[in-house]
Every structure is written in structure tokens, then in C-alpha cells.
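Welcome! Please take a look at the sequence and the model below, and then we will visit a few places together.

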Amino acid sequence: MTTTTPHKTRSTRDTFNTRFVFLMAAIGSAVGLGNIWRFPYVAYDNGGGAFLIPYMVALLTAGIPILWFDLAIGHRFRGSAPLAFRRISSRWEGIGWFKVGVNFFIAIYYAAIIAWAALYTVKSVTQAWGDDPAEYFMGDFLQAEPEATYSGHIVPSILGVMVLVWIVCIATLATSINEGIGKLTSIFLPVLAVMFIILVIRAFFLDGAAEGLNAFFTPDWSVLSNPSVWIAAYGQIFFSLSIGFGIMITYASYLKPRTNLTNTGLVTAFANSSFEVLAGIGVFATLGYMAAQQGVAVDEVASSGIGLAFIAFPTIINLMPLGGLFGVLFFGSLFLAGVTSLISIMEVVVSAVADKFNISRRVSAITVGGTMAVVSCVLFSTSSGLVTLDIMDKFTNNLGIVFGSICALVVVGWVTGRRREIQQHLNAVSQFKVGGFWQFLTFIATPLLLVYFLVNEILTIAREGYEGYSSTQIGLFGWAVLGLILLASFLMPLVAFRGNKYLDGMETSDYGVPVGGRPAGTPNPLATANTATQTADDK
């Protein structure tokens with residue numbers, strides 16, 4: 001009989017102490033900047049209260065099913081995104097690296113927005129932006145040069161805070177899962193919730209708040225026949241839940257064996273959506289006040305994204321009593337939401353490198369995080385950083401994440417034919433069972449929808465460009481970035497995993513099944529696993 005050298009098994013991988021800690025991490029990842037500044041305007045622009053119908057349909061038919069898929073992949077194959085996909089099939093490790101590349105580029109620009117939020121939290125106390133927030137933001141604050149491809153002109157205040165943001169995130173990731181991510185999100189998320197609830201309550205009592213809420217919730221039922229509204233709903237759900245990024249795959253790999261995956265996914269999804277609706281209420285109550293003060297309709301002041309956060313809200317803060325306190329709450333919420341999301345994005349990259357080269361979290365966090373910090377500061381602390389950020393955000397989110405998600409669903413579901421295995425794993429550890437309808441939503445309906453979305457985005461950019469930016473800017477920070485990610489996804493699988501524990505089939509799951517696959521015809525213990533006994537982490 002041939003013997004093998006003892007190796008690390010699944011049970012020795014770092015794990016979250018409790019399901020609560022995981023939930024704080026998962027919800028912290030899902031609740032980010034987009035919840036606060038994107039959802040309210042998307043809802044308003046797509047039928048107001050009527051938008052909540054396609055939004056809920058999208059949540060139930062795409063958001064939650066794909067979230068369960070990501071959780072099952074990470075939990076079943078017990079590794080970072082590249083390692084998980086290698087264990088599914090050695091041919092498809094590249095899908096995991098594509099997700100890692102997307103996260104790398106999202107992280108480097110996300111840190112800049114967090115730094116802006118931190119600076120504006122302080123500036124809110126004295127309303128340092130003066131009487132013209134738009135001019136201040138683009139001029140004094142960013143010193144923006146929108147025509148420049150790369151200016152090389154560093155803005156010292158932004159650079160300084162970005163460095164601090166990177167230090168905090170790297171230090172968090174350099175420790176264990178529980179001491180780092182677990183503790184930070186368990187503190188930041190409750191503080192974020194309290195701050196935002198106070199902000200919303202304050203907004204309720206502003207003059208004009210009722211008009212703002214009427215504008216937000218008044219339904220335009222005619223939009224339900226418009227396909228673009230449904231696409232917008234699915235897009236919002238997909239991007240806001242952190243699905244398709246590789247984040248939930250990575251986080252789920254740190255869960256204990258008997259964690260209830262479907263229930264955990266439901267809690268995460270509904271917590272995220274609840275925060276989005278709360279954000280919509282707070283933002284539009286505030287915009288109603290702004291409209292009333294200026295004597296205009298709400299639709300004339302409604303906006304989204306960076307314009308809402310750093311131009312519209314400072315204008316509101318200037319108008320309202322105790323505006324400084326309101327500003328601290330708003331920008332402080334942006335900062336906290338951003339940090340918890342950035343850490344989860346970085347974890348995808350840090351975990352992948354640690355797995356690939358068999359190095360410690362500390363070494364990976366410092367090496368990878370330091371590299372990301374340097375690239376981030378060089379690109380986004382400059383006067384041309386806003387343009388670079390806008391283009392990179394468009395291409396990595398609307399094209400990169402969607403393409404990676406399509407590949408993952410098609411390969412797992414159809415190329416390797418492991419649909420039933422993923423379903424059985426979910427059912428083996430969960431109280432809420434999934435079946436054929438879940439397979440249909442996950443492996444047929446959602447991929448088709450994402451293909452439509454991706455093709456439409458590519459054709460639109462090809463025809464119209466993007467926001468009037470030059471072809472050089474779009475080519476360098478859009479298409480070239482995607483090209484680098486794609487190149488890395490082909491090259492990284494050529495590098496061997498270090499350590500015997502990463503060889504296909506060597507490591508066994510908690511059910512005694514090799515995670516690299518099982519021989520055809522052998523019974524699958526997942527189908528009959530006993531789910532009656534749940535460990536303490538599942539309570």
C-alpha cells in the first residue's frame with residue numbers, strides 16, 4: 001500500500017469563530033458605497049416605488065440563488081477563488097484568477113473614495129467647501145484635470161489619508177480572520193448602523209422631507225413593462241450583494257463545516273437590501289429638504305454617485321441647522337461602509353496569493369497590500385485620479401464582474417456538470433433546501449440575463465464611448481485593465497501551487513470526499529449527510 005506524507009486537511013484552515021462573525025463580515029462586504037449613493041437614484045430613476053417590485057424579484061431570482069452558489073463553492077472546495085476552481089477542475093483555475101484581478105483593480109480605486117469620505121467627515125465640521133461645493137470638490141479638493149490621461153500632480157492631503165487607509169486595511173488582513181476581519185467588521189458595522197439610523201431620523205424632520213419621500217416612493221406602474229427597468233433592478237442586486245466578485249467564495253472557505261449556508265445567505269441578502277431601502281429613505285428625505293430650500297422640484301436636485309455624495313450633500317449641509325453634525329454622520333457612514341467593503345475586496349487577492357505560494361496571511365497581506373497601495377496612491381492621489389477612477393470602475397464592475405460570473409456559472413453548471421453536487425452540498429448543511437428551480441435560476445436564467453447585460457454594455461461603449469472621455473483614457477484605464485486581468489488569468493495557472501496540500505484530490509472535505517472530485521459511480525455522502533445536528537456556530 002502506498003503511503004503519503006501527512007498534509008494539512010480542511011479542518012485546519014482558519015475559520016470564523018461563530019456564524020455571527022461571518023455575518024458581520026459578509027454584510028460589511030455587501031453594504032458599501034453603492035448602497036448609499038447608487039440605489040436611491042436607481043430606484044427613483046426607474047419608477048420610484050414601483051421599482052421595488054422588480055428589485056425584489058431580482059433579489060429572489062438572481063441575488064440569493066447566486067449568493068448561495070458562491071457560498072457553496074467556497075465552503076465545499078475550501079479555498080480562495082483560484083484554489084476552489086482548481087479543485088473543481090485544474091483546467092479552470094483561471095476563472096478564480098480573473099476574479100482576483102478584478103478585485104485588485106477595484107481595491108486600488110476604492111481606497112481613494114474612502115480617503116475622500118474621511119477628509120469630508122472632518123471638513124463637515126466647518127463646512128470647509130464654502131458656498132460652492134461643486135467648485136471646491138473639483139478645484140481645491142481634487143485639483144481635477146479631466147483632460148489629462150495621467151497628470152503626475154500629487155494632491156498631498158488625499159495621498160496622506162490614502163496611505164492611512166491602506167495601513168489600516170493591511171494591518172487588519174495581516175492578522176487572523178477573527179482578530180482582523182472579524183473584530184473590525186463586528187465593531188464598524190454596528191457603529192455604521194447606529195450612525196445611519198440617526199441620520200435618517202434627522203432627515204425625517206427636515207422641511208420638505210415628505211416631498212422627497214413622495215418622489216422616492218410614488219410608483220410609476222408603467223415602468224414595469226420596460227425591460228430596461230428590470231435590467232436595472234438585476235444590475236443593482238448583482239453589484240450590491242458582492243456576488244460574482246469571489247468575495248463570498250473566499251469568506252465561505254473560512255466557515256465551519258456545519259454552517260447553515262442557505263439561512264446565512266438569506267440573512268446577508270435581506271440585511272443588505274434593508275440597508276439600501278433605509279439609504280433611499282434618508283437620501284430622498286434630505287433631497288426633499290434641498291429642493292424646498294431652493295424652491296425647485298426634487299427631480300432637479302436628484303443625482304447619484306460621486307455627485308450626490310460630494311456635491312449635493314455638502315450643499316444640503318450648508319442649508320440645514322446643525323449641518324456639521326449631519327455631515328459627520330453622512331460622510332462617517334460612507335467611510336465605515338467603504339472600509340468594511342475594501343477589506344473584503346482585498347481579502348480575495350490576499351487569500352489567493354497565500355494559497356498559491358503557501359505563505360502566511362501576514363506575508364501575503366503585507367506584500368500584496370503594499371503593492372496595491374503603491375499602485376493606488378500613484379494613480380488616484382493625483383489630479384487626474386477622478387477620470388482614472390470613473391473609467392476603471394465602469395469597466396471592472398459592468399464588464400469584468402459580469403464576464404467572470406458568466407464563466408463561473410457556465411463552467412460549474414455545464415462544462416464540468418457539477419450542478420447537482422453544489423445543490424447537494426447546500427442541502428447537506430442547510431435547513432432550507434434547494435432543488436431544480438434553484439438550478440434553473442442559477443445555471444440558466446441568470447447566465448442568459450448576464451450575457452444580455454454584458455453584450456449591451458459592450459455595444460453601448462463601442463458606439464457611444466463613455467462620459468466623453470478620450471479614446472486614450474478609455475483604452476488605457478478600461479480595455480487595457482481588462483486585458484491585463486485576462487492575461488493574468490491565463491498565466492497564473494501555469495505557476496504550480498506550492499505544498500502537497502494543494503495538489504488536486506489530496507485534501508479531503510469534511511465528508512471524506514476528495515475536494516478535487518470523486519470517481520464516477522461512487523456514492524456521494526453529501527446526498528445523505530445528516531443535517532439534524534448543528535454545531536454552535538450555526539445558531
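A polar contact is a pair of N or O atoms within 3.5 Å; within protein, one must be able to donate a hydrogen and the other to accept it, and residues adjacent in sequence count only if both atoms are side-chain atoms. This is a predicted model, in which local features need pLDDT of at least 70 and side-chain atom pairs count only at pLDDT 80 or more, while totals for chains, interfaces and linings use all residues. Residues are numbered from 1 along each chain as its sequence is written, and side-chain values use heavy atoms, with hydrogens and water left out.

Let us begin with T262, found in helix α13, residues 261-294 (helices are DSSP runs of H or I with at least four residues, numbered from the N terminus). The side chain of T262 makes a polar contact of 3.5 Å with the side chain of N260. Leaving aside residues up to four places away in sequence, T262 touches W68, L426, S430, Q431, F432 and V434 (contact means heavy atoms within 4.5 Å).

How covered are the residues on this tour? Buried means under 20% relative accessible area, exposed over 50%, and partly exposed in between, with a 1.4 Å probe and protein chains only.

| Residue | Relative accessible area | Class |
|---|---|---|
| T262 | 0% | buried |
| C377 | 11% | buried |
| C407 | 22% | partly exposed |
| D14 | 28% | partly exposed |
| L491 | 43% | partly exposed |
| G468 | 75% | exposed |

Next comes D14, in the segment before α1 (19-30). Along the chain, D14 and Y254 are 240 residues apart, yet their C-alpha atoms are separated by 5.9 Å. Y254 is among the residues that D14 touches, as are R78, S176 and R361. A polar atom of the D14 side chain also lies 3.1 Å from the backbone nitrogen of I177.

G468 sits in the loop between α19 (436-464) and α20. Its C-alpha atom is 29 Å from that of G130, 338 residues away along the chain.

What about disulfides? The structure holds zero of them, a disulfide being a pair of cysteine sulfur atoms within 2.5 Å. For C377, the closest cysteine sulfur belongs to C169 and is 12 Å away, so it is too far for a bond.

Finally, L491 lies in helix α20.

Methods. Helix = DSSP H or I, 4+ residues; strand = E, 2+ residues; numbered from the N terminus.
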